[in-house]
Amino acid sequence: MENKKELKNWLDNFQLKHPLVIAGPCSAETEAQVLNIAHQLKHTDATILRAGIWKPRTRPGNFEGVGALGLKWLQKAKAETGMLTATEVANANHVSLALEHDVDVLWIGARTTVSPFVVQEIANALKGTNKIVLVKNPVNPDLSLWLGAVERLHTANIKNIGVIHRGFSTYEKTYYRNNPEWQLPIELQNRFPDLPLILDPSHIAGRRDIISELCQTGLDLNYDGLMIETHMDPENAWSDAEQQITPDTLIKIMASLQVRNETGHAADYKNKLNTMRTQIDLIDHQLIDILGKRMQIAEQIGLLKKEHNVAVLQAKRWNAILGRMILQGKEKDLSEEFILRVFKAVHQESINHQKNVINN
Ligand SMILES: C=C(O[C@@H]1C=C(C(=O)O)C=C[C@H]1O)C(=O)O
């Protein structure tokens with residue numbers, strides 16, 4: 001699949017003056033709940049009403065969605081409010097039911113994106129549809145798997161495609177429910193700048209209080225839209241109660257967001273930017289230069305180790321370096337996470353260079 005301007009057509013056709021907003025409850029619970037939230041959301045920036053009908057739950061025994069019955073509620077909500085509707089599909093049967101009920105946007109969930117078999121089955125069931133199909137990132141941070149799912153849809157001649165970034169599962173829960181790993185969607189944008197990219201801050205956050213800051217990060221990174229779980233009574237939602245917000249909060253968040261221009265045209269902006277970018281180019285050049293020098297010394301150490309039959313990996317020395325770099329990094333306002341990532345990569349490269357000289 002190649003990047004093409006046309007990938008953005010479905011989004012441009014909305015002719016929005018703000019990012020695309022998909023909002024609605026995690027799960028459709030009752031007909032009244034769906035209709036009520038739809039009428040409220042009509043007065044917000046939301047164009048598309050989302051609601052989960054079939055809910056993939058990590059463990060059995062939790063609310064698993066109302067099933068096909070909820071599709072009728074979505075249809076009614078669309079008829080009453082004019083909002084478009086969206087739901088998750090996880091197999092061919094879901095697809096045919098959703099199409100039967102004229103759902104406008106179908107999304108493929110993270111647990112489904114990981115399985116090329118299931119994605120293919122869904123792509124076959126969707127063949128030729130003009131509905132919008134959005135692919136959530138797989139649970140594991142694997143860009144090829146994510147793009148692979150998009151390509152399967154593209155090959156099935158589905159024209160209106162987009163991706164949703166919902167973050168990645170981790171063993172330990174930290175600040176986020178799902179780690180954002182921003183570098184993955186950034187890489188995806190580099191390769192497919194015209195493929196609409198939507199942020200799902202609700203699942204990345206797993207909590208209400210940081211949804212707004214995540215939305216702003218998304219806009220700072222050129223995302224095209226936001227999918228935000230919204231409920232009239234979030235505390236008592238049947239699923240994902242901690243991460244849903246009310247339509248009022250949605251309105252407040254949207255009003256507070258700063259939508260950035262993709263680029264600036266003022267001469268002053270361009271001049272200043274050019275000067276600073278020249279500085280950055282110079283520093284990047286020096287970085288490569290200095291890394292190359294470091295690797296040359298590592299190779300000399302490798303030769304010395306070969307002569308004396310000493311192992312490449314020296315954990316004590318390595319830990320001492322890491323500790324020192326973390327401290328030095330702090331002084332320069334560089335996060336520990338960043339220092340660890342950079343120096344682990346440097347160490348790996350150093351080991352590779354030494355292995356080469358030792359084994360040759
Ligand atoms: C260069 C060495 O070999 C390895 C690479 C290191 C590095 O790149 O700094 C540090 C310790 C070793 O694991 C060394 O032993 O000093």
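Helices (H or I, at least four residues) and strands (E, at least two) are DSSP runs, numbered from the N terminus. The model is predicted: local features require pLDDT of at least 70 and side-chain atom pairs count only at pLDDT 80 or more, whereas totals for chains, interfaces and linings use all residues. Residue numbers start from 1 along each chain, following the sequence as written.

The domain assignment, which comes from an automatic or database source, divides the protein into domain 1 (5-256) and domain 2 (267-358). The centres of the two domains, taken over C-alpha atoms, are separated by 39 Å.

Eight strands form a closed barrel with parallel pairing, in the order S1-S2-S3-S4-S5-S6-S7-S8; strands count as paired if DSSP finds at least two bridges between them. From one strand to the next, the twist averages 30 degrees. Helix H4 (residues 92-100) packs on the sheet and touches strands S3 (84-89) and S4 (105-108), its direction making about 165 degrees with that of S3. Axes here are lines fitted to C-alpha atoms, for helices over the stretch in contact, and angles between N-to-C directions run from 0 to 180 degrees. Strands S6 (residues 161-165) and S7 (residues 197-199) run parallel and are joined by three bridges. Isoleucine 164 has isoleucine 198 of S7 as its bridge partner.

Helices H13 and H14 pack at about 145 degrees, and their axes are 9 Å apart. The contact involves Trp318, Leu322, Met325, Ile326 and Gly329 of H13, together with Glu336, Ile339, Phe343 and His347 of H14; residues are in contact if their C-beta atoms, placed from the backbone, lie within 7 Å.

The shell around the ligand consists of Ala298, Ile301, Val312, Leu313, Gln314, Arg317, Trp318, Ile321, His347, Ser350, Ile351 and Gln354, a residue being near a molecule if its C-beta atom, placed from the backbone, lies within 6 Å of it. At least two shell residues come from each of H12 (267-308), H13 (315-331) and H14 (336-358). H14 supplies the largest share, four residues. By class, the shell holds seven nonpolar, four polar and one charged residues. Nonpolar denotes Ala, Val, Leu, Ile, Met, Phe, Trp, Tyr, Cys and Pro, charged denotes Asp, Glu, Lys and Arg, and the others, Gly among them, are polar.

Technical notes
Contact = placed C-beta atoms within 7 Å.
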